[in-house]
Amino acid sequence: PKFLKANKKYFISVAGNIGSGKSSLTRLISEKLGWDPYYESVQNNPYLRDFYGNMTRWSFQLQVYFLSHRFRTHRDIIDSKRSVIQDRSIYEDVEIFARNLYLMGRMEGRDYRNYRALFHEMTDYLKAPDLIVYLKANVNTLMNQIKSRGRTFEKGIERAYLERLNRSYGAWIKNYKLGKVLT
């Protein structure tokens, strides 16, 4: 595309609710522009199946796993010489997922405060993406897309959980000040 400058490294992160199409858009942009894709750790995540079976028991462990994985990925992206497209940023974890688990009573207050403190310590060392592409979708669309991809551990995702996440995404993206946003 004409708007991209030659010999410039770009870092774009695709944000959005579960089932919004982040992985698909990441793959398409990567293929079209020849950029390196970085995907969310889903298939090899040791906590995800347990989390969807018992959110209260596994919420803190899952969030710490994602935080660690995304921090490592973010550092690799910053160190890369090539342009990259990332499926879900580290910034979504604290303001969307961990916050909702805490507000829903599925993460203890001390765990949430500890998680937030760790997140802020880690992200102080990171350069934010040049652009966040936010994929906004209504809950019916999300439910249909989650169902159609057929991940067995996602079968029990509650509609109310996706609705809360959507509201949190709206507030987060409206207040995001670390870089540019395209909705």
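A cavity here is a set of points, on a 1 Å grid over the protein atoms alone, where a 1.4 Å probe fits but cannot get out. The model is a predicted one, where local features need pLDDT of at least 70, side-chain atom pairs count only at pLDDT 80 or more, and totals for chains, interfaces and linings use all residues. Residues are numbered from 1 along each chain as its sequence is written, and side-chain values use heavy atoms, leaving out hydrogens and water.

**View 1. The largest cavity.** One cavity of 30 Å³ or more turns up in the structure. The largest cavity has a volume of about 30 Å³, taken as the space filled by probe spheres set on the grid points, which are joined across faces, edges and corners.

**View 2. The lining of the largest cavity.** Look for Tyr39, Glu40, His69, Arg70, Thr73, Gln86, Asp87 and Arg88 around the largest cavity; lining residues have an atom within 4 Å of a point. Helix H3 (55-79) and strand S3 (84-87) each give two or more residues to this lining, and H3 gives the most, with three. Helices (H or I, at least four residues) and strands (E, at least two) are DSSP runs numbered from the N terminus.

View 3. Serine 13 sits in strand S1 (residues 11-16). Serine 13 counts as buried because its relative accessibility is 0%, with buried meaning under 20% relative accessible area (1.4 Å probe, protein chains only). Leaving aside residues up to four places away in sequence, serine 13 touches Gln86, Arg88, Ser89, Pro129, Leu131, Ile132 and Val133 (contact: heavy atoms within 4.5 Å).

Methods: Buried means under 20% relative accessible area, exposed over 50%, partly exposed in between (1.4 Å probe, protein chains only). On a 1 Å grid over the protein atoms alone, a cavity is a set of points where a 1.4 Å probe fits but cannot get out, and a pocket is an open set with protein on both sides within 12 Å along at least five of seven lines; lining residues have an atom within 4 Å of a point.
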